[in-house]
Amino acid sequence: MPALRLLRSTSASALLLLLGACAVAPDPIRPEQHFARAQADVGALYANQPPITGPLTQHEAVARALKYNYDHQLALTEAALQDRQFDVAVLNMMPRLAASAGYTGRNNENASSSLSILTRRQSLEPSTSQDQHRRTGDLAFSWNLLDFGVSYFQARQQADRAMIAVERRRRVVNNIVKEVRSAFWRAGTAQRLLPRIDPLMREAEKALAANTQIEAEALAPVMQTLEYRKNLLQVISQLRRLRSELSVAKAQLAALINVPPNTAFTVEEPPNAPEVPRSLSVDVATLEMMGLSQRPELREEAYQERVDRNNLYKEITRLLPGLSLLGSLNFDSNSYLVNNLWAEAGVRATFNLVNLISAPATINAAETQIEVAKTRRMALSVAVLTQVNVSYQQFVRAVETFDTAQEISLVEGRIAKAVNDGGLAQAEPEFERIRRGLSAVAAELDRDRAFTDLQGALGNLYTSVGLDPVPVSVETDNLDALRILVKASLADLDKGKLPPLATELPAAKADDKTDDKAAAPVAAAPATTLIVGGPAS
């Protein structure tokens with residue numbers, strides 16, 4: 001029969017498709033595909049970036065890092081992903097409205113007959129009440145109030161996870177800015193001192209070759225020659241160490257601002273007598289409170305505690321009976337039906353009796369998770385207080401170290417000027433002239449390094465209290481606008497002026513309701529906190 005042949009062919013096709021699906025095997029990426037992917041990635045790494053024109057300033061370096069650094073872009077993408085998942089979680093609270101349509105056909109009549117249970121005789125001849133071929137369709141509405149309650153608390157949890165992503169972005173930004181500032185001033189120091197190290201290196205190597213010849217020809221006492229050679233080798237070792245330390249600074253800065261490693265650019269050098277803050281506008285107690293209220297890690301833990309608390313509410317909701325509201329519009333083309341189009345409505349209640357056994361354990365586990373979150377936040381608070389106090393002491397010591405290094409550099413400069421003015425430079429032995437030049441360079445390097453360490457200590461202090469370089473809600477698409485904003489943000493903090501600590505609650509009491517779209521992640525981001533930079537250009 002044609003219908004039977006159609007059924008057999010359909011069954012055979014379905015079997016072949018099933019066997020084909022089970023025949024999937026691993027498909028490794030070939031080496032040439034990896035190479036093509038690497039070429040495409042290299043082309044995309046530094047695409048659409050304006051070139052660096054003129055000396056790179058600190059605020060431009062920070063702005064470029066915020067716009068082009070891939071760690072920051074990853075944090076932005078993760079925050080956007082959490083925000084999209086929040087939108088999905090809100091939509092999951094909607095009721096279900098499903099439309100369906102179908103066709104049903106069979107190769108014979110759907111007929112049946114009845115049998116008397118008393119006489120065991122057939123009471124009716126075979127009959128049917130259904131067409132051999134028919135079409136069906138329906139539009140069904142269903143809303144489970146238990147699923148709605150669970151989805152509500154899941155949406156609140158996802159809203160808090162989106163806020164956690166915002167705080168993680170703040171932490172990434174703080175770390176990037178701190179590293180950029182440190183690498184920027186090291187690059188400026190290298191740019192100024194490397195041209196002075198190379199001539200000294202050549203002079204020292206030339207003197208070492210001459211000393212080797214003197215030793216070979218026995219033109220001087222052995223001990224004097226060896227002592228001189230040892231001193232020269234120590235000088236050369238120090239020069240090579242300085243050159244090695246300084247030569248990588250610009251490469252590190254280039255990596256942070258996402259510039260190709262072989263790009264030639266100059267940076268704004270640190271001033272010879274930079275102005276640095278000697279004190280802060282707030283005391284240590286205020287710094288501690290700022291750290292406890294503004295650190296991204298603690299705010300993340302606060303949001304995580306709310307996630308765990310909503311998880312408790314969600315588990316309690318799951319223990320309740322489920323109530324479903326049902327309704328549908330239906331169509332059936334069966335010609336034997338009196339009404340081919342009809343509507344249905346109903347209510348259904350369900351309750352899982354096993355919940356009576358599992359409820360205590362489930363609730364205890366959720367409550368324990370909340371206690372774990374609280375304890376973790378308290379432990380982190382102790383660590384934050386320690387970091388604030390240590391960072392403050394490091395800042396105080398860094399100021400003292402910088403003052404000393406700056407004084408030594410001034411003394412070395414005065415000694416060099418006195419020697420040159422008095423005509424003593426030509427009368428000095430070659431080794432002494434080299435050693436004096438090394439001392440002058442080393443003094444400048446120590447001063448610049450102390451200045452860099454001071455900026456790093458100040459950046460660590462501001463990071464430890466949770467200050468941001470720019471408002472979290474700022475757009476980073478426009479590099480010029482971002483550069484201006486960063487420069488303005490660093491103006492007061494260059495002088496050690498911190499924004500006031502917010503100690504008053506808003507007039508409207510804030511609650512934990514984050515199910516509205518208005519509670520999306522960016523809304524609660526701090527907009528007045530900043531991080532310090534180096535001296536104003």
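Predicted model: local features only at pLDDT ≥ 70, side-chain atom pairs only at ≥ 80, totals over all residues.
**Entry 1**

I found an open sheet of 4 strands in the order 1-4-5-6, with antiparallel pairing. I looked up its edges next: they are strand 1 (96-105) and strand 6 (341-350), and each of these pairs on one side only. From one strand to the next, the twist averages 20°.

I then went through the pairings. Strand 1 and strand 4 (residues 133-144) run antiparallel and are joined by 10 bridges. In this pairing I noted Ala 99, which stands opposite Leu 139 in strand 4. I also noted Ser 100, whose bridge partner in strand 4 is Asp 138. I followed Asp 138 to the next strand, where its bridge partner is Asn 330 in strand 5. Strand 4 and strand 5 are antiparallel as well, with 9 bridges between them.

**Entry 2: the helix on the sheet**

Which strands does helix 5 touch? I found that helix 5 (residues 145-217) packs on the sheet and touches strand 4 and strand 5 (322-332). The direction of helix 5 makes about 55° with that of strand 4.

**Entry 3: helix 8 and helix 9**

I turned to helix 8 (residues 284-294) and helix 9 (residues 296-318). Their axes are 6 Å apart, and the helices pack at an angle of about 45°. I therefore put the two helices down as oblique to each other. On the helix 8 side I listed Gly 291, Leu 292, Ser 293 and Gln 294; they meet Pro 296, Leu 298 and Arg 299 of helix 9. Sorted by class, this contact has 3 nonpolar, 3 polar and 1 charged residues.

**Entry 4: aromatic rings**

I searched the whole structure for aromatic pairs and got 6. One of them is Phe 153 with Tyr 313: the ring centres are 5.7 Å apart and the planes are at 55°, so I recorded the pair as tilted. Phe 153 belongs to helix 5 and Tyr 313 to helix 9, so this pair ties together parts that are 160 residues apart in sequence.

Is each of these two residues buried or exposed? Phe 153 is buried, at a relative accessible area of 16%. Tyr 313 has 35% relative accessibility and counts as partly exposed.

I also looked up Phe 184 and Trp 185. Their ring centres lie 4.9 Å apart with the planes at 80°, so the pair is edge-to-face. Both residues are buried. Last, I noted that ring pairs link Phe 184 and Trp 185 with Phe 402 and Phe 451 into a cluster.

Terms used
Residues numbered from 1 in each chain as written. Heavy atoms only, no water. Axes fitted to C-alpha atoms, helices over the stretch in contact; angles between N-to-C directions. Parallel < 35°, antiparallel > 145°, perpendicular 65-115°, else oblique. Contact = heavy atoms within 4.5 Å. Nonpolar A, V, L, I, M, F, W, Y, C, P; charged D, E, K, R; others polar. Pairing = 2+ DSSP bridges. Phe/Tyr/Trp six-rings, centres within 6.5 Å; stacked < 30°, edge-to-face > 60°. Buried < 20%, exposed > 50% of the residue type's maximum accessible area, 1.4 Å probe, protein only.
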